[in-house]
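Visitor: I would like to learn how to read a structure, one feature at a time. Please give me the general idea first and then the case at hand.

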Amino acid sequence: MNPGKAIQNKINGVKQNFADYKKLDSRDKKTYWKEFFLNNALYILLIVAIIYTYIQNSNFLSAASIVNIISLSAANLPIACGIAGCIVLTGTDLSAGRVVGLTACITASLMQSVTYATKMFPNLPVLPIPLVILIVLLVGGIVGWVNGFFVAKFQLHPFIVTLATQLIVYGLLLMYIMINGNNGQPLSGLDQHFNDVVKGSVVSFNAGGARIAIPNYVWLAAVIVIIMWFIWNKTTFGKNMFAVGSNPEAAKVSGVNVMRTTILVHTLAGAMYGLTGFIESSRIGSNTANTGLNYECDAIAACVIGGVSFVGGTGKISGVVLGVFLLRIIFVALNFLSINMNMQYVIKGLIILVACAIDMRKYLVRK
(Lines give C-alpha, C1' and ligand atoms only; values in the text may rest on other atoms or scores of the structure.)
Protein backbone atom coordinates (compact mmCIF):
# COMPACT_ATOMS: atom_id res chain seq x y z
CA MET A 1 0.00 0.00 0.00
CA ASN A 2 1.15 3.53 -0.75
CA PRO A 3 2.48 5.11 2.51
CA GLY A 4 0.62 8.36 1.81
CA LYS A 5 -2.63 6.48 1.28
CA ALA A 6 -2.08 4.47 4.47
CA ILE A 7 -1.58 7.66 6.48
CA GLN A 8 -4.68 9.20 4.93
CA ASN A 9 -6.71 6.10 5.84
CA LYS A 10 -5.54 6.39 9.45
CA ILE A 11 -6.51 10.06 9.54
CA ASN A 12 -9.92 9.21 8.11
CA GLY A 13 -10.29 6.47 10.71
CA VAL A 14 -9.52 8.92 13.53
CA LYS A 15 -12.05 11.40 12.14
CA GLN A 16 -14.69 8.68 11.93
CA ASN A 17 -14.01 7.56 15.51
CA PHE A 18 -14.31 11.16 16.70
CA ALA A 19 -17.60 11.55 14.82
CA ASP A 20 -18.92 8.33 16.38
CA TYR A 21 -17.85 9.52 19.83
CA LYS A 22 -19.74 12.83 19.43
CA LYS A 23 -22.93 10.86 18.75
CA LEU A 24 -22.73 9.09 22.13
CA ASP A 25 -24.87 10.29 25.03
CA SER A 26 -23.26 11.24 28.35
CA ARG A 27 -23.65 7.76 29.84
CA ASP A 28 -22.03 6.06 26.85
CA LYS A 29 -19.22 8.61 26.90
CA LYS A 30 -18.49 7.75 30.54
CA THR A 31 -18.43 4.06 29.62
CA TYR A 32 -16.13 4.81 26.70
CA TRP A 33 -13.59 6.59 28.92
CA LYS A 34 -13.87 3.93 31.61
CA GLU A 35 -13.05 1.22 29.07
CA PHE A 36 -10.25 3.34 27.61
CA PHE A 37 -8.51 3.82 30.95
CA LEU A 38 -8.97 0.19 32.00
CA ASN A 39 -7.68 -1.22 28.70
CA ASN A 40 -4.72 1.15 28.62
CA ALA A 41 -4.00 1.29 32.35
CA LEU A 42 -0.57 -0.30 31.98
CA TYR A 43 0.55 2.15 29.29
CA ILE A 44 -0.70 5.08 31.35
CA LEU A 45 1.18 3.86 34.42
CA LEU A 46 4.32 3.38 32.34
CA ILE A 47 4.12 6.95 31.01
CA VAL A 48 3.57 8.29 34.54
CA ALA A 49 6.56 6.25 35.76
CA ILE A 50 8.77 7.62 32.99
CA ILE A 51 7.78 11.22 33.77
CA TYR A 52 8.27 10.68 37.53
CA THR A 53 11.70 9.09 37.00
CA TYR A 54 12.80 11.97 34.76
CA ILE A 55 11.70 14.50 37.38
CA GLN A 56 13.67 12.64 40.05
CA ASN A 57 16.73 12.12 37.85
CA SER A 58 17.08 14.04 34.59
CA ASN A 59 19.87 11.71 33.45
CA PHE A 60 17.20 9.08 32.85
CA LEU A 61 16.46 10.51 29.40
CA SER A 62 20.02 11.51 28.55
CA ALA A 63 21.56 10.27 25.31
CA ALA A 64 23.71 7.71 27.14
CA SER A 65 20.72 6.36 29.04
CA ILE A 66 18.57 6.11 25.90
CA VAL A 67 21.32 4.21 24.05
CA ASN A 68 21.62 1.93 27.08
CA ILE A 69 17.87 1.23 26.99
CA ILE A 70 18.03 0.54 23.25
CA SER A 71 21.00 -1.81 23.74
CA LEU A 72 19.36 -3.74 26.58
CA SER A 73 16.14 -4.00 24.59
CA ALA A 74 17.95 -5.22 21.47
CA ALA A 75 19.56 -8.06 23.44
CA ASN A 76 16.09 -9.30 24.45
CA LEU A 77 14.30 -8.83 21.13
CA PRO A 78 15.13 -12.25 19.59
CA ILE A 79 13.79 -14.25 22.55
CA ALA A 80 10.66 -12.08 22.68
CA CYS A 81 10.03 -12.52 18.94
CA GLY A 82 10.41 -16.27 19.38
CA ILE A 83 8.19 -16.69 22.40
CA ALA A 84 5.55 -14.42 20.81
CA GLY A 85 4.84 -17.12 18.22
CA CYS A 86 4.18 -19.64 20.99
CA ILE A 87 1.76 -17.21 22.65
CA VAL A 88 -0.04 -16.66 19.34
CA LEU A 89 -0.74 -20.41 19.42
CA THR A 90 -2.30 -19.91 22.92
CA GLY A 91 0.78 -21.46 24.48
CA THR A 92 3.98 -20.34 26.15
CA ASP A 93 7.59 -21.51 26.52
CA LEU A 94 9.15 -21.89 29.95
CA SER A 95 12.34 -23.42 28.50
CA ALA A 96 13.36 -20.23 26.66
CA GLY A 97 15.67 -18.83 29.33
CA ARG A 98 17.52 -22.12 29.83
CA VAL A 99 18.00 -22.50 26.07
CA VAL A 100 19.52 -19.01 26.06
CA GLY A 101 21.84 -20.11 28.88
CA LEU A 102 22.87 -23.31 27.12
CA THR A 103 23.56 -21.65 23.76
CA ALA A 104 25.39 -18.76 25.48
CA CYS A 105 27.71 -21.21 27.24
CA ILE A 106 28.22 -23.23 24.04
CA THR A 107 29.09 -20.01 22.19
CA ALA A 108 31.46 -18.89 24.93
CA SER A 109 33.23 -22.26 25.05
CA LEU A 110 33.76 -22.24 21.29
CA MET A 111 34.86 -18.60 21.13
CA GLN A 112 37.39 -18.52 23.98
CA SER A 113 40.74 -17.03 23.05
CA VAL A 114 43.47 -19.58 22.27
CA THR A 115 45.71 -17.84 24.83
CA TYR A 116 43.15 -18.03 27.66
CA ALA A 117 44.65 -20.03 30.53
CA THR A 118 41.53 -22.03 31.46
CA LYS A 119 40.14 -22.52 27.96
CA MET A 120 37.52 -25.30 28.04
CA PHE A 121 38.75 -26.88 24.80
CA PRO A 122 42.48 -26.05 24.78
CA ASN A 123 43.20 -27.78 21.47
CA LEU A 124 40.27 -26.18 19.65
CA PRO A 125 40.93 -23.03 17.60
CA VAL A 126 38.49 -20.12 17.68
CA LEU A 127 35.71 -21.17 15.32
CA PRO A 128 34.38 -18.93 12.52
CA ILE A 129 31.49 -16.81 13.78
CA PRO A 130 29.02 -17.98 11.05
CA LEU A 131 29.68 -21.60 12.09
CA VAL A 132 28.97 -20.80 15.74
CA ILE A 133 25.74 -19.05 14.74
CA LEU A 134 24.69 -22.17 12.83
CA ILE A 135 25.50 -24.33 15.87
CA VAL A 136 23.39 -22.27 18.29
CA LEU A 137 20.56 -22.08 15.75
CA LEU A 138 20.68 -25.87 15.48
CA VAL A 139 20.79 -26.43 19.25
CA GLY A 140 17.94 -23.98 19.90
CA GLY A 141 15.98 -25.32 16.95
CA ILE A 142 16.25 -28.91 18.21
CA VAL A 143 14.87 -27.96 21.63
CA GLY A 144 12.09 -26.00 19.94
CA TRP A 145 11.31 -28.95 17.65
CA VAL A 146 11.00 -31.26 20.66
CA ASN A 147 8.64 -28.78 22.33
CA GLY A 148 6.51 -28.44 19.20
CA PHE A 149 6.44 -32.19 18.52
CA PHE A 150 5.12 -33.11 21.96
CA VAL A 151 2.62 -30.24 21.95
CA ALA A 152 1.29 -31.11 18.49
CA LYS A 153 1.56 -34.90 18.47
CA PHE A 154 0.28 -35.71 21.96
CA GLN A 155 -1.88 -32.60 22.52
CA LEU A 156 0.05 -31.81 25.70
CA HIS A 157 -0.23 -28.33 27.15
CA PRO A 158 2.82 -26.19 26.25
CA PHE A 159 3.22 -25.30 29.93
CA ILE A 160 3.88 -28.95 30.84
CA VAL A 161 6.07 -29.71 27.81
CA THR A 162 8.27 -26.63 28.18
CA LEU A 163 8.50 -27.08 31.95
CA ALA A 164 9.94 -30.55 31.27
CA THR A 165 12.35 -29.34 28.60
CA GLN A 166 13.38 -26.46 30.87
CA LEU A 167 14.62 -29.02 33.41
CA ILE A 168 16.21 -31.19 30.72
CA VAL A 169 18.08 -28.27 29.14
CA TYR A 170 19.22 -27.00 32.55
CA GLY A 171 20.58 -30.45 33.35
CA LEU A 172 22.41 -30.55 30.01
CA LEU A 173 23.80 -27.08 30.70
CA LEU A 174 25.12 -28.11 34.11
CA MET A 175 26.78 -31.18 32.59
CA TYR A 176 28.23 -29.15 29.72
CA ILE A 177 30.02 -26.62 31.92
CA MET A 178 31.58 -29.48 33.92
CA ILE A 179 33.35 -31.18 31.01
CA ASN A 180 37.11 -31.08 30.38
CA GLY A 181 37.77 -30.19 34.01
CA ASN A 182 35.96 -26.86 33.80
CA ASN A 183 34.01 -27.81 36.94
CA GLY A 184 31.27 -25.22 36.43
CA GLN A 185 33.63 -22.25 36.31
CA PRO A 186 32.42 -19.14 34.40
CA LEU A 187 33.20 -19.25 30.69
CA SER A 188 35.06 -16.06 29.88
CA GLY A 189 38.21 -14.92 28.08
CA LEU A 190 36.38 -14.59 24.77
CA ASP A 191 38.22 -13.90 21.53
CA GLN A 192 38.61 -10.16 20.92
CA HIS A 193 37.47 -10.37 17.30
CA PHE A 194 34.24 -12.06 18.43
CA ASN A 195 33.62 -9.34 21.01
CA ASP A 196 34.34 -6.64 18.44
CA VAL A 197 31.82 -8.17 16.02
CA VAL A 198 29.04 -8.56 18.59
CA LYS A 199 29.39 -5.72 21.08
CA GLY A 200 31.85 -3.52 19.24
CA SER A 201 30.55 -0.47 17.43
CA VAL A 202 30.61 0.90 13.92
CA VAL A 203 28.24 3.76 14.78
CA SER A 204 28.90 6.30 17.50
CA PHE A 205 28.17 9.96 18.18
CA ASN A 206 29.07 12.78 20.53
CA ALA A 207 26.61 13.85 23.23
CA GLY A 208 27.25 15.89 26.34
CA GLY A 209 30.98 15.91 25.70
CA ALA A 210 31.18 12.10 25.62
CA ARG A 211 31.44 9.59 22.79
CA ILE A 212 28.47 7.23 22.84
CA ALA A 213 28.67 3.99 20.87
CA ILE A 214 25.78 1.85 19.63
CA PRO A 215 26.69 -1.86 19.95
CA ASN A 216 26.67 -3.94 16.77
CA TYR A 217 24.18 -6.42 18.20
CA VAL A 218 21.56 -3.66 18.02
CA TRP A 219 21.76 -3.90 14.22
CA LEU A 220 21.66 -7.69 14.40
CA ALA A 221 18.47 -7.45 16.48
CA ALA A 222 17.00 -5.01 13.93
CA VAL A 223 17.67 -7.52 11.12
CA ILE A 224 16.04 -10.29 13.17
CA VAL A 225 12.95 -8.13 13.76
CA ILE A 226 12.65 -7.39 10.03
CA ILE A 227 12.95 -11.09 9.18
CA MET A 228 10.37 -12.04 11.80
CA TRP A 229 8.00 -9.33 10.58
CA PHE A 230 8.30 -10.72 7.05
CA ILE A 231 7.68 -14.28 8.24
CA TRP A 232 4.62 -13.27 10.28
CA ASN A 233 3.04 -11.02 7.67
CA LYS A 234 4.19 -12.07 4.21
CA THR A 235 4.47 -15.85 4.27
CA THR A 236 1.96 -18.70 4.17
CA PHE A 237 3.54 -20.04 7.34
CA GLY A 238 2.77 -16.78 9.16
CA LYS A 239 -0.86 -16.79 8.02
CA ASN A 240 -1.17 -20.45 9.06
CA MET A 241 0.25 -19.63 12.49
CA PHE A 242 -2.45 -17.04 13.14
CA ALA A 243 -5.12 -19.38 11.75
CA VAL A 244 -4.07 -22.18 14.11
CA GLY A 245 -3.87 -19.75 17.02
CA SER A 246 -7.38 -18.42 16.35
CA ASN A 247 -9.09 -21.77 15.81
CA PRO A 248 -7.07 -24.95 15.17
CA GLU A 249 -10.12 -26.96 14.15
CA ALA A 250 -11.22 -24.39 11.57
CA ALA A 251 -7.62 -24.12 10.34
CA LYS A 252 -7.45 -27.89 9.90
CA VAL A 253 -10.71 -27.90 7.93
CA SER A 254 -9.29 -25.13 5.74
CA GLY A 255 -6.36 -27.33 4.79
CA VAL A 256 -3.75 -26.04 7.23
CA ASN A 257 -1.36 -28.69 8.55
CA VAL A 258 -1.81 -27.88 12.25
CA MET A 259 0.86 -30.28 13.49
CA ARG A 260 3.48 -29.04 11.04
CA THR A 261 2.68 -25.40 11.79
CA THR A 262 2.88 -25.93 15.56
CA ILE A 263 6.23 -27.71 15.30
CA LEU A 264 7.65 -25.03 13.00
CA VAL A 265 6.53 -22.20 15.30
CA HIS A 266 8.31 -23.79 18.27
CA THR A 267 11.37 -24.63 16.17
CA LEU A 268 11.62 -21.01 15.00
CA ALA A 269 11.22 -19.89 18.60
CA GLY A 270 14.09 -22.16 19.66
CA ALA A 271 16.29 -20.72 16.92
CA MET A 272 15.54 -17.23 18.26
CA TYR A 273 16.59 -18.33 21.75
CA GLY A 274 19.83 -19.60 20.23
CA LEU A 275 20.52 -16.20 18.68
CA THR A 276 19.79 -14.55 22.03
CA GLY A 277 22.33 -16.85 23.65
CA PHE A 278 24.87 -15.96 20.96
CA ILE A 279 24.45 -12.25 21.73
CA GLU A 280 24.41 -12.73 25.50
CA SER A 281 27.64 -14.75 25.52
CA SER A 282 29.57 -11.69 24.35
CA ARG A 283 27.43 -9.05 26.03
CA ILE A 284 27.82 -10.65 29.46
CA GLY A 285 31.38 -11.80 28.90
CA SER A 286 31.35 -14.32 31.76
CA ASN A 287 28.79 -17.08 31.25
CA THR A 288 27.59 -19.47 33.96
CA ALA A 289 24.70 -21.86 34.62
CA ASN A 290 22.65 -18.82 35.69
CA THR A 291 22.92 -17.15 32.29
CA GLY A 292 19.41 -16.80 30.84
CA LEU A 293 17.67 -17.31 34.19
CA ASN A 294 14.10 -15.93 34.06
CA TYR A 295 14.62 -14.43 30.60
CA GLU A 296 11.36 -16.07 29.53
CA CYS A 297 9.46 -14.07 32.18
CA ASP A 298 10.61 -10.75 30.77
CA ALA A 299 9.91 -11.93 27.21
CA ILE A 300 6.38 -13.10 28.06
CA ALA A 301 5.63 -9.84 29.87
CA ALA A 302 6.92 -7.81 26.91
CA CYS A 303 4.77 -9.79 24.48
CA VAL A 304 1.59 -9.32 26.52
CA ILE A 305 2.30 -5.61 27.03
CA GLY A 306 2.82 -5.37 23.27
CA GLY A 307 -0.59 -6.85 22.50
CA VAL A 308 0.23 -10.52 21.83
CA SER A 309 -2.80 -12.19 23.38
CA PHE A 310 -2.82 -15.48 25.28
CA VAL A 311 -6.27 -16.19 23.82
CA GLY A 312 -4.48 -16.84 20.53
CA GLY A 313 -4.40 -15.57 16.98
CA THR A 314 -3.56 -11.98 17.92
CA GLY A 315 -0.27 -10.12 17.86
CA LYS A 316 2.16 -7.99 15.86
CA ILE A 317 5.94 -7.92 15.72
CA SER A 318 5.76 -4.13 16.10
CA GLY A 319 3.82 -4.69 19.32
CA VAL A 320 6.49 -7.10 20.58
CA VAL A 321 9.19 -4.50 19.90
CA LEU A 322 7.16 -1.84 21.71
CA GLY A 323 6.57 -4.18 24.65
CA VAL A 324 10.27 -5.00 24.97
CA PHE A 325 11.20 -1.31 24.97
CA LEU A 326 8.51 -0.31 27.47
CA LEU A 327 9.46 -3.09 29.86
CA ARG A 328 13.14 -2.26 29.61
CA ILE A 329 12.41 1.43 30.24
CA ILE A 330 10.64 0.44 33.47
CA PHE A 331 13.55 -1.75 34.61
CA VAL A 332 16.07 1.01 33.90
CA ALA A 333 13.81 3.51 35.67
CA LEU A 334 13.72 1.29 38.76
CA ASN A 335 17.51 1.36 38.86
CA PHE A 336 17.56 5.15 38.47
CA LEU A 337 15.14 5.39 41.40
CA SER A 338 17.42 3.10 43.44
CA ILE A 339 14.62 0.60 44.01
CA ASN A 340 15.79 -2.46 45.95
CA MET A 341 16.55 -5.42 43.66
CA ASN A 342 14.23 -7.69 45.66
CA MET A 343 11.41 -5.19 45.21
CA GLN A 344 12.12 -5.13 41.47
CA TYR A 345 11.15 -8.81 41.27
CA VAL A 346 7.85 -7.97 42.96
CA ILE A 347 7.20 -5.18 40.46
CA LYS A 348 8.08 -7.46 37.51
CA GLY A 349 5.61 -10.05 38.77
CA LEU A 350 2.88 -7.43 39.17
CA ILE A 351 3.48 -6.14 35.64
CA ILE A 352 3.02 -9.66 34.22
CA LEU A 353 -0.10 -10.25 36.33
CA VAL A 354 -1.73 -6.92 35.44
CA ALA A 355 -0.83 -7.23 31.74
CA CYS A 356 -2.36 -10.72 31.51
CA ALA A 357 -5.46 -9.62 33.46
CA ILE A 358 -6.03 -6.67 31.10
CA ASP A 359 -5.48 -8.94 28.10
CA MET A 360 -8.06 -11.45 29.35
CA ARG A 361 -10.51 -8.67 30.21
CA LYS A 362 -10.37 -7.40 26.63
CA TYR A 363 -11.12 -10.91 25.41
CA LEU A 364 -14.08 -11.35 27.76
CA VAL A 365 -15.51 -7.97 26.74
CA ARG A 366 -15.30 -8.96 23.06
CA LYS A 367 -17.14 -12.21 23.83
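Visitor: Is Asn 180 buried or exposed?

Guide: In this predicted model, Asn 180 is exposed because its relative accessible area is 54%, and the cut-off for exposed is over 50%. Asn 180 sits in the loop between H7 and helix H8 (192-199).

Visitor: What is the phi of Asn 180?

Guide: As a general idea, most residues other than glycine have a negative phi. Asn 180 has a positive value, near 55 degrees. Gln 155 is another residue other than glycine with a positive phi, near 55 degrees. Gln 155 lies in the loop between helix H6 (129-154) and helix H7 (158-176). Its relative accessibility is 65%, so Gln 155 counts as exposed.

Visitor: How should I read a helix, and what does the span of H2 show?

Guide: An α-helix has 3.6 residues a turn, so residues three or four places apart point the same way. Helix H2 covers residues 26-39, 14 residues in total, and at 1.5 Å a residue it should span 20 Å. The C-alpha atoms at its ends are 20 Å apart, which agrees. At the start of H2, the backbone nitrogen of Arg 27 has a side-chain oxygen of Asp 25 within 3.2 Å.

Visitor: Which residues have the most contacts inside the largest nonpolar core?

Guide: In soluble globular proteins, nonpolar side chains tend to be buried together. Here the largest nonpolar core has 83 residues, and those with the most contacts inside it are Ile 83, Met 228, Trp 232, Tyr 273, Phe 278, Cys 303 and Val 320. Helix H4 (residues 63-88) gives the most to this core, namely 12 residues. Another core, of 6 residues, lies apart from it, and Ile 50, Phe 60, Ile 329 and Val 332 are among its members.

Visitor: What is Cys 303 in contact with, leaving aside its neighbours within four places in sequence?

Guide: On that basis, Cys 303 is in contact with Ala 80, Ile 83, Ala 84, Ile 87, Val 308 and Val 320.

Visitor: Where is Thr 92 found, and is Thr 92 buried or exposed?

Guide: Thr 92 is in the loop between H4 and helix H5 (96-110). Its relative accessibility is 10%, so Thr 92 counts as buried. Not counting residues up to four places away in sequence, Thr 92 touches Cys 86, Pro 158, Phe 159, Thr 162, Ile 300 and Phe 310.

Visitor: How many cavities of 30 Å³ or more are there?

Guide: Rolling a probe the size of a water molecule over the atoms shows where empty space is left. The count here is 2 cavities of 30 Å³ or more. The largest cavity has a volume of about 50 Å³. Its lining consists of Asn 76, Ala 80, Asp 298, Ala 299, Ala 302, Val 324, Leu 327 and Arg 328. H4, helix H13 (295-305) and helix H14 (317-336) are the elements that give two or more residues to this lining.

Visitor: Is Asp 298 buried or exposed?

Guide: Asp 298, found in helix H13, is buried because its relative accessible area is 16%. Leaving aside neighbours within four places in sequence, Asp 298 is in contact with Leu 327, Arg 328, Phe 331 and Lys 348.

Visitor: Is Leu 353 buried or exposed?

Guide: Leu 353, in helix H15 (residues 341-366), counts as exposed because its relative accessibility is 59%.

How values were computed: Residues are numbered from 1 along each chain as its sequence is written. This is a predicted model: local features need pLDDT of at least 70, side-chain atom pairs count only at pLDDT 80 or more; totals for chains, interfaces and linings use all residues. Side-chain values use heavy atoms; hydrogens and water are left out. Helices (H or I, at least four residues) and strands (E, at least two) are DSSP runs, numbered from the N terminus. The expected span of a helix is 1.5 Å times one less than its number of residues. A polar contact is a pair of N or O atoms within 3.5 Å; within protein, one must be able to donate a hydrogen and the other to accept it, and residues adjacent in sequence count only if both atoms are side-chain atoms. A nonpolar core is a set of buried Ala, Val, Leu, Ile, Met, Phe, Trp, Tyr and Cys residues joined through side-chain atoms within 4.5 Å. Buried means under 20% relative accessible area, exposed over 50%, partly exposed in between (1.4 Å probe, protein chains only). Contact means heavy atoms within 4.5 Å. On a 1 Å grid over the protein atoms alone, a cavity is a set of points where a 1.4 Å probe fits but cannot get out, and a pocket is an open set with protein on both sides within 12 Å along at least five of seven lines; lining residues have an atom within 4 Å of a point. Grid points are joined across faces, edges and corners, and a volume is the space filled by probe spheres set on the points.
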